[in-house]
Amino acid sequence: MEINSNFTENAKNDFHLVVRARQGDQKAYADLMHRYKDSIYFMVLKMVNNKEDAMDLTVETFAKAFEKLDKYQPDYAFSTWLFRVATNNCIDFIRKKKLNTMSIHGMMDDDGEEKQLQIKADVLNPEETSIKKQQTQELKLLIESLPSRYRNLITLRYFDELSYEEIAQQLDLPLGTVKAQLFRARYLLGNIINRFNRDDI
């Protein structure tokens, strides 16, 4: 990729982060997210006029952008492309909200219980164990960029391995709220987790 000669210094820095991210540097992903999450959030908030939806859509925007990062072309600044992704995401959300088609059934079984993450059950050799440990650390780095309520829930559930009841007690939240917010957090992280899973193949 050739960088646009008219890029500002910030745009050039973003470009280098994108290159690193495409090469699998998870810190570059986190740096891009930290750099733009506030400006994306306030733009989204103007469109949807709801703080919680805006927070969710901001994280969703980054998940989609990271998934499609290979489609970014440096003819224009990364920030321009990212804001376009955010705008399109908001438009889709508003349409879906009007149709009331939001669903988390894909993450629940027939009894309404959470499905387990699809993790291979094979015993890992030392090299695979080391890779998995590194990917876990990289995933934690990305999780640090999430809104605090989701970051706490993901950490307690999937890293500390607490039960729903233990999380509810620790955070002083109703059990139903914990389950609902965890479903949402899992959805927001879905594309990122899928990318990690593809790296394992």
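Which helix does Thr61 lie in? Select Thr61 and you will land in helix H3; helices here are DSSP runs of H or I with at least four residues, numbered from the N terminus.

Before going on, a word on the model. It is predicted, so local features need pLDDT of at least 70 and side-chain atom pairs count only at pLDDT 80 or more, while totals for chains, interfaces and linings use all residues. Residues are numbered from 1 along each chain as its sequence is written, and side-chain values use heavy atoms, leaving out hydrogens and water.

**Stop one: around Thr61.** Thr61 is buried, at a relative accessible area of 0% (buried means under 20%, with a 1.4 Å probe and protein chains only). Now show Leu57: its backbone oxygen is 2.8 Å from a polar atom of the Thr61 side chain.

**Stop two: the largest nonpolar core.** Select Val44 and Phe78, the residues with the most contacts inside this core of 36 residues. Such a core is a set of buried Ala, Val, Leu, Ile, Met, Phe, Trp, Tyr and Cys residues joined through side-chain atoms within 4.5 Å. Color H1 (9-22), H2 (26-48), H3 (51-67), H4 (78-99) and H6 (148-159), the helices that each give two or more residues to the core. H2 supplies the largest share, 10 residues.

**Stop three: Phe78.** Show Asp14, Val18, Leu32, Tyr36, Leu69 and Tyr72; Phe78 touches these, leaving aside residues up to four places away in sequence.

**Last stop: a second core.** Select Leu156, Leu162, Tyr164 and Leu182, which are among the eight residues of a separate core.

Definitions and conventions: Buried < 20%, exposed > 50% of the residue type's maximum accessible area, 1.4 Å probe, protein only. Contact = heavy atoms within 4.5 Å. Polar contact = N/O pair within 3.5 Å; in protein donor to acceptor, adjacent residues only side chain to side chain.
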